[in-house]
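Subject: Structure handover and notes

Hello,

Could you look through them before we next talk?

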Amino acid sequence: MQTSQIEIVPFGPNHLEAAVALSRQAGWPHRTEDWQLALALSDGMVAVEDGKVVGTVLVTPYKGDCATINMVIVDETMRGRGLGRKLMDAALLAAGDRPLRLVATTAGLPLYQKLGFHETGTVAQHQGLAGDIAVPAETQAATDADLAGIARLDRLAFGADREGLLSYFAGIGAFAVIRRDGRVSGFACLRPFGRGEVIGPVVAANLGEARKLIEHFIARRSGRFLRVDTTDETGLSPWLAEQGLAHVGGGITMEKPLVRQAADPAVTTFALASQALG
């Protein structure tokens, strides 16, 4: 069977059920609602053979700043036949001239390297039942008036304008903030995902404040299933494990030529929201 027999078409509502089945086959926790969220923010394509969906890919643009490639899935019966490359070619075309980012599995790494992506770091995924901790005094629930400040901090930390993503998260989840001199100096988001809820993104001035923002939600979700994706360099992994969120895997962050915006040295990204899309 050749991939030339497969058609790449836009992701439509009629493909959603098959996409959920593919993500479950891959061992991913995405619910129908998680796919719907990702599709609302992304351009999606599916590979179809004889009416059956055998592959997916999503491209999530952040205005003209960059785009992330998510949900690259190939049916296990089709692997090793070039379909992943065909899906990625479609994604690169859809992304246009934007710089690109993605999180790779070890299996997908060689393909992405051939396409010009280079490794930039690793993601550590933590999940489990949240422990019982005290509510931190330093954090507060965000208000609608805080969203502009949240978007500003996120843009400085992420290097791209994700206002649309953050607005969507505000509609389905909740934000916590730390304020300094009347301005938002750090934030965290909590939203439904997979088996429970995910905390992220988290942007803070230092490690201590990042912990406080995560604690804001852990304290309110004791005994419930939570997920946090972070990077190795933050040093959060041992502390997250102590809170009942075990390190269960992760991925390799990659970029295809990306020129970062000048970052505010007082702002650090401690958790990656984009990982929960893909």
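Glu215 counts as buried, with a relative accessibility of 15%; buried means under 20% relative accessible area, exposed over 50%, and partly exposed in between, with a 1.4 Å probe and protein chains only. This is a predicted model, in which local features need pLDDT of at least 70 and side-chain atom pairs count only at pLDDT 80 or more, while totals for chains, interfaces and linings use all residues. Residues are numbered from 1 along each chain as its sequence is written, and side-chain values use heavy atoms, with hydrogens and water left out.

Glu215 sits in helix α7, residues 207–218. Helices (H or I, at least four residues) and strands (E, at least two) are DSSP runs, numbered from the N terminus. Apart from its neighbours within four places in sequence, Glu215 is in contact with Ile133, Pro136 and Trp239, where contact means heavy atoms within 4.5 Å.

Trp239 belongs to helix α8, residues 237–242. Trp239 is buried too, at 7% relative accessibility. Not counting residues up to four places away in sequence, Trp239 touches Arg211, Ile214, Glu215 and Ile218. Of these, Arg211 is 28 residues from Trp239 in sequence, and their C-alpha atoms are 8.5 Å apart.

Pro238 lies in helix α8 as well, but Pro238 is exposed, at 53% relative accessibility.

Helix packing

Helix α2 (residues 32–41) packs with helix α6 (residues 163–172) at an angle of about 150 degrees, and their axes are 10 Å apart. Axes are lines fitted to C-alpha atoms, for helices over the stretch in contact, and angles run from 0 to 180 degrees between N-to-C directions. The α2 and α6 crossing is right-handed; a crossing is left-handed if the near helix is turned anticlockwise from the far one by less than a right angle, and right-handed if clockwise.

On the α2 side the contact is made by Gln36, Leu37, Ala40 and Leu41, which meet Gly164, Leu165, Tyr168, Phe169 and Ile172 of α6. The residues of this contact comprise seven nonpolar, two polar and no charged. Here Ala, Val, Leu, Ile, Met, Phe, Trp, Tyr, Cys and Pro count as nonpolar, Asp, Glu, Lys and Arg as charged, and the others, Gly among them, as polar.

Gly171 is also part of α6, and Gly171 is exposed at 67% relative accessibility. Between Gly171 and Arg191 there are 9.3 Å from C-alpha to C-alpha, at a sequence distance of 20 residues.

Asp146

Asp146 is in the loop between β7 (140–141) and α5 (147–158). With a relative accessible area of 8%, Asp146 is buried. The Asp146 side chain reaches the backbone nitrogen of Thr143 at 2.9 Å. This is a polar contact, that is, a pair of N or O atoms within 3.5 Å; within protein, one must be able to donate a hydrogen and the other to accept it, and residues adjacent in sequence count only if both atoms are side-chain atoms. Leaving out residues up to four places away in sequence, Asp146 touches Ala141, Val177, Arg179 and Val184.

Backbone points

The peptide bond from Gly200 to Pro201 is cis, with omega near 5 degrees. Pro201 is in strand β10, residues 196–204.

Met71 is not a glycine, yet its phi is positive, at about 55 degrees. Met71 is in strand β4, residues 66–74, and is buried at 2% relative accessibility. Asp181, also a residue other than glycine, has a positive phi near 55 degrees. Asp181 lies in the loop between β8 (174–180) and β9 (183–193) and is exposed, with a relative accessible area of 76%.

Cysteines

How many disulfides are there? The count is zero, taking a disulfide as a pair of cysteine sulfur atoms within 2.5 Å. Cys66 is in no disulfide, and the nearest cysteine sulfur to its own, that of Cys189, is 18 Å away. Cys189 is likewise in no disulfide. Cys66 is buried at 0% relative accessibility, and Cys189 is buried with a relative accessible area of 0%.

Regards
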